[in-house]
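Please open the model in a viewer and keep the selection tool at hand.

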Amino acid sequence: MAVMTYGARVRMLRERVGLTQEQLSEALGVTRGMIANVECGNRRFGREAEKVLVDLGGCNREFIADAPLKAAP
């Protein structure tokens, strides 16, 4: 069974609330490039951005924070 990565979970939450990458970047106070890097699995958000994302997505913090950055080989 495949584990959903951090970026995939971020993308899923963003799409669930109906936001574009640009809209999410404005809500989190980061660049659209940062959103793209996170969704591609290259970076994680800081705690403050994660908190805003969790509040927007209506999930618990562990759903995001406990996800692996990259999929296991």
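Select Tyr 6, Val 10, Leu 28, Val 38, Phe 45, Leu 53 and Ile 64: among the 15 residues of the largest nonpolar core, these touch the most other members. Such a core is a set of buried Ala, Val, Leu, Ile, Met, Phe, Trp, Tyr and Cys residues joined through side-chain atoms within 4.5 Å. Two or more residues come from each of α1 (6-16), α2 (21-28), α3 (32-39) and α4 (47-57); helices are DSSP runs (H or I, at least four residues), numbered from the N terminus.

The model is predicted: local features need pLDDT of at least 70, side-chain atom pairs count only at pLDDT 80 or more, and totals for chains, interfaces and linings use all residues. Residues are numbered from 1 along each chain as its sequence is written, and side-chain values use heavy atoms, without hydrogens and water.

Next, centre on Tyr 6, which is buried at 0% relative accessible area (buried means under 20%, exposed over 50%, partly exposed in between; 1.4 Å probe, protein chains only). Beyond four places in sequence, its contacts (heavy atoms within 4.5 Å) include Val 38, Glu 50 and Leu 69.

The structure holds one aromatic pair: the rings of Tyr 6 and Phe 45 have centres 6.5 Å apart and planes at 55°, so the pair is tilted. Rings of Phe, Tyr and Trp (its six-membered ring) pair if their centres lie within 6.5 Å; planes under 30 degrees apart are stacked, over 60 edge-to-face, and the rest tilted.

Finally, select Cys 40, which is exposed at 54% relative accessibility, and Cys 59, which is buried at 18%.
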